[in-house]
Amino acid sequence: MREGSVSAGPVVYWMSRDQRAQDNWSLLYAQSMAVETKSPLYVVFCLVPRFGAAETRHYDFMIKGLSETESRLRARIIPLQVMAGRPVETLPAYLNDLRAALLVTDFDPLRIKRDWTKAVLGQVSVPVHEVDSHNIVPCRIASQKAEYGAYTLRPKINRLKDNFLTEFPRVRKHPFNTADMLKPVDWEQALRTVKCAASRTQVDWISPGFRAADRMLKDFIRLKLPGYAETRNDPTRDGQSNLSPFLHFGQISAQRVAWEAQQSGAPEPDQEAFLEELIVRRELSDNFCHYHADYDKVSAFPGWARKSLAEHEADPRPYLYPESRLESAETHDELWNAAQKEMMQRGKMHGYMRMYWAKKILEWSEDAEKALSTAIRLNDRYSLDGRDPNGYAGVAWSIGGVHDRAWPSRPIFGKVRYMSEGGARAKFRANLYVRMQEEEKRDSP
Ligand code: FAD
Ligand code: FO1
């Protein structure tokens, strides 16, 4: 970010992607730098009034998690300060008033954060050090280029993984802070600064924060990791970990999850299947967004896919739905409608259905560009884990063959992998999945 020798003086950790007190390399690094120069340590969070398509269900989840983080930091005499507004409006003055000697920030491959960091750097002269606390093998170290797929990134990650997949040191009580620095955050006031749209339904099956994430992890390892390789692809069984909302907001560390899974003694094939998703697939998404500034555009699709989708753009569409009909889950396909309802009601669609869901949007939209923007908008609006590199890579995989190979050409899809309703119905009890979403709808407030 910005080199420069670090003189003695306050160290500020600008928390954004990794919103947790424990297992957080950004915080551990900031503390080590502050201890080295016998300086105070501060944590700040810049709370923006809007964040993409985020609504109240996302901000509630995030802010409740942050307030738990505040109390964990307080126990270590480390203040958390929430500053409302765009970072460039608040952070430079804060750093200058404090005469900060170093700013530590989280690695984040998304456009929003890149723009924030660029704007802040333009206003301050303090050294800025970026730490990748989200990935196990840091994104910039795993690979210096956009990877074709999991098969090209996997060996690079596997070669380095053991150096990075370790236990974490604990955050210390900060020896150069004092209790009078700990001014409590006014969370009611913070919430009032948020101007996002209100979600139609709240999400009540999952509680936010590290404590809830840790319980979800322990239950997953005990009850669901054994057998995960088999059950994870069946939307009628609760076989996935349900950790993605916590991982998205950085309320739990992926390294912590991988470390506990590896120590679990669960059957090898299940551990392997889980770590493939958690480490390789997830880090492939960061790789995609970091090395493709156009990660949410058709231009990021591989050439073979762009060409073949264009060749089939004029193919007749037996079904063509405007975004509003998709959003209200009113298509001819009850399986697809059930997936849309699951996402709207629970804030989380089953992983297998996400592929089917996005691919049908391609089939029922006038072109790939429209399909891409519709899938991203709906996913970012309703999914608790949305607005995330995994989402942009997941939608690009489904609609544009990113990280996938070419398949025999067919109408509309060209060489992009096709998924049929019949294929889905052959894999799991689709009627049960449909009924489950109807019941969920009746039960939800
Ligand atoms: P588990 O099966 O328990 O997996 C554990 C973790 O591994 C996940 O939390 C996630 O971090 C990672 N992981 C699993 N599958 C994938 C994958 N295919 N790609 C990248 N990482 C993966 N994931 C999101 O976090 N946010 C999204 O907005 C999102 N949108 C998607 C959209 C589409 C169209 C597709 C095909 C996939 C999308 N995914 C997204 C990826 C994947 O479906 C989810 O990560 C997963 O279903 C989350 O549920 P879980 O944590 O219970 O998964
Ligand atoms: N990060 C911030 O630093 N400040 C915010 O106010 C903020 C709001 C927000 C709302 C919804 C959401 O999904 C993410 C949000 N983030 C915010 C970013 C988030 O913590 C991650 O850094 C990014 O989503 C990238 O993964």
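**Note on the salt bridges of this structure**

1. Arg-74 and Glu-70 both belong to helix α2, where four residues, about one turn of the helix, separate them. The two residues form a salt bridge in this predicted model, and their closest N and O atoms lie 3.6 Å apart. Arg-74 is partly exposed, at a relative accessible area of 32%, whereas Glu-70 is buried, at 10% relative accessibility.

2. A further salt bridge joins the side chains of Glu-68 and Arg-211, with an N to O distance of 4.0 Å. This pair connects distant parts of the chain: Glu-68 lies in helix α2 (residues 56-74) and Arg-211 in helix α8 (residues 210-224), 143 residues apart. Glu-68 counts as buried because its relative accessible area, 10%, falls under 20%. Arg-211 counts as exposed because its relative accessibility, 52%, is over 50%.

3. Asp-296 and Lys-297 also meet through their side chains in a salt bridge, at 3.2 Å from N to O. Which of these residues is buried, Asp-296 or Lys-297? Asp-296 is buried, with a relative accessibility of 19%, while Lys-297 is partly exposed, with 41%.

4. Salt bridges also link several residues into a network, which comprises Glu-55, Glu-323, Glu-327, Lys-370, Arg-377 and Arg-381.

5. As to the total, a search of the whole structure finds 31 salt bridges. Among them are the pairs Arg-74 with Glu-70, Glu-68 with Arg-211 and Asp-296 with Lys-297.

Conventions:
Residues numbered from 1 in each chain as written. Chains lettered and ligands numbered in written order. Predicted model: local features only at pLDDT ≥ 70, side-chain atom pairs only at ≥ 80, totals over all residues. Heavy atoms only, no water. Helix = DSSP H or I, 4+ residues; strand = E, 2+ residues; numbered from the N terminus. Buried < 20%, exposed > 50% of the residue type's maximum accessible area, 1.4 Å probe, protein only.
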